[in-house]
Amino acid sequence: MSTSAASAKRRKPTVDSDEIVGSTRWVALKTLTYTDAKNVERKWDMAERTTKKSMEKADASVIIPILKSVKSSTLETILIEQYRPPLNGFSVEFPAGLIDEGETPQQAAVRELKEETGYVGTADDSFPSNVLCMSPGLTNEMVSIVVVNVDLDAPENQNPKQELEGGEDITLKRVPLLKMLKSMQDAGQNGLSKEMSMPVAMLYGFAMGVELGLKCSSDGAEKK
């Protein structure tokens with residue numbers, strides 16, 4: 001059978017139905033019935049936020065803070081560490097939070113940054129805030145990544161104070177943007193927990209991308 005003939009028999013997979021197996025206040029476990037590309041009916045278990053309203057909108061904003069000051073040429077960012085019960089341990093993350101009803105991802109990012117870190121910033125609209133999946137084999141949770149610029153010289157950022165909710169216990173650390181990877185690898189020496197902390201994949205991938213960009217730039221300069 002030719003490749004074109006085989007492709008012609010394939011179809012777009014579709015979810016035909018879903019059944020809620022169990023639910024708590026915040027999370028529902030569902031079993032999906034779907035038809036795959038070969039027209040075979042299959043089952044798939046997934047988790048979903050009970051607050052989810054749409055498959056076309058982000059559930060949360062992930063914030064990349066960019067801290068700037070006229071007194072320094074070094075750009076900084078903020079890493080946060082918090083205990084995550086599913087890990088039975090600590091994670092290292094960018095600040096993030098759920099988007100409230102009626103909020104845009106940018107508005108939620110500015111609000112959550114102030115609540116989790118105390119810093120006041122403005123969303124950078126030059127970066128698109130696309131809707132992104134998180135762990136598509138497990139959940140339909142979606143996020144938008146928002147860059148927030150923070151002026152360290154502004155009066156409101158001279159003595160930042162967290163505005164945490166009752167169940168939140170967040171440690172934060174300012175680190176040079178270009179040294180994020182080392183800061184995560186040396187968490188114990190950089191003011192975060194001395195216990196083993198697991199970076200969130202998105203954060204670690206971002207830090208690796210920064211390092212890779214620096215390496216490629218350096219290698220390219222050496223070849224000229």
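Which side chain meets that of glutamate 163 in a salt bridge? I looked this up and found lysine 114, at 2.5 Å from N to O. A salt bridge here is a side-chain nitrogen of Lys or Arg within 4 Å of a carboxyl oxygen of Asp or Glu.

**Before going on**

I noted that this is a predicted model, where local features need pLDDT of at least 70, side-chain atom pairs count only at pLDDT 80 or more, and totals for chains, interfaces and linings use all residues. Residues are numbered from 1 along each chain as its sequence is written, and side-chain values use heavy atoms, with hydrogens and water left out.

**Entry 1: that pair again**

I checked where the two partners sit. Glutamate 163 is in the loop between β10 and β11 (171-176), while lysine 114 is in helix α2 (residues 105-117), so the pair links distant parts of the chain, 49 residues apart. Helices (H or I, at least four residues) and strands (E, at least two) are DSSP runs, numbered from the N terminus. Glutamate 163 is partly exposed at 41% relative accessibility, and lysine 114 is partly exposed as well, at 31%. For these words I use under 20% relative accessible area for buried, over 50% for exposed, and partly exposed in between (1.4 Å probe, protein chains only).

**Entry 2: the whole protein**

I counted four helices and 12 strands in the secondary structure. Of the 224 residues, 34% are buried. The accessible surface comes to about 14,100 Å², and carbon and sulfur atoms hold 54% of it. Accessible areas come from the Shrake-Rupley method with a 1.4 Å probe; for residues, only the protein chains shown count as cover. I also looked at contacts (heavy atoms within 4.5 Å). Among those between residues at least 6 apart in sequence, 58% join residues at least 24 apart.

**Entry 3: a sheet of three strands**

I traced an open sheet with the order β1-β2-β3 and antiparallel pairing.

Two strands pair if DSSP finds at least two bridges between them. I found nine bridges joining β2 to the antiparallel β3, and alanine 28 stands opposite glutamate 48 in β3.

I then picked threonine 33 in strand β2 (residues 27-35). Threonine 33 counts as buried because its relative accessible area is 9%. Leaving out residues up to four places away in sequence, threonine 33 touches Val15, Asp16, Ser17, Glu41, Arg42 and Lys43.

My search of the whole structure gave 12 salt bridges. One of them joins the side chains of arginine 49 and glutamate 141, at 2.9 Å from N to O. Arginine 49 lies in strand β3 and glutamate 141 in the loop between β9 (132-133) and β10 (142-151), so this pair ties together parts 92 residues apart in sequence. Arginine 49 is partly exposed at 29% relative accessible area, whereas glutamate 141 is buried at 18%.

Aspartate 59 forms a salt bridge with lysine 52, their closest N and O atoms being 2.9 Å apart. Are these two residues buried or exposed? Both aspartate 59 and lysine 52 are buried. Last, I noted a network of salt bridges linking Asp100, Glu103, Arg111, Glu112 and Glu115.
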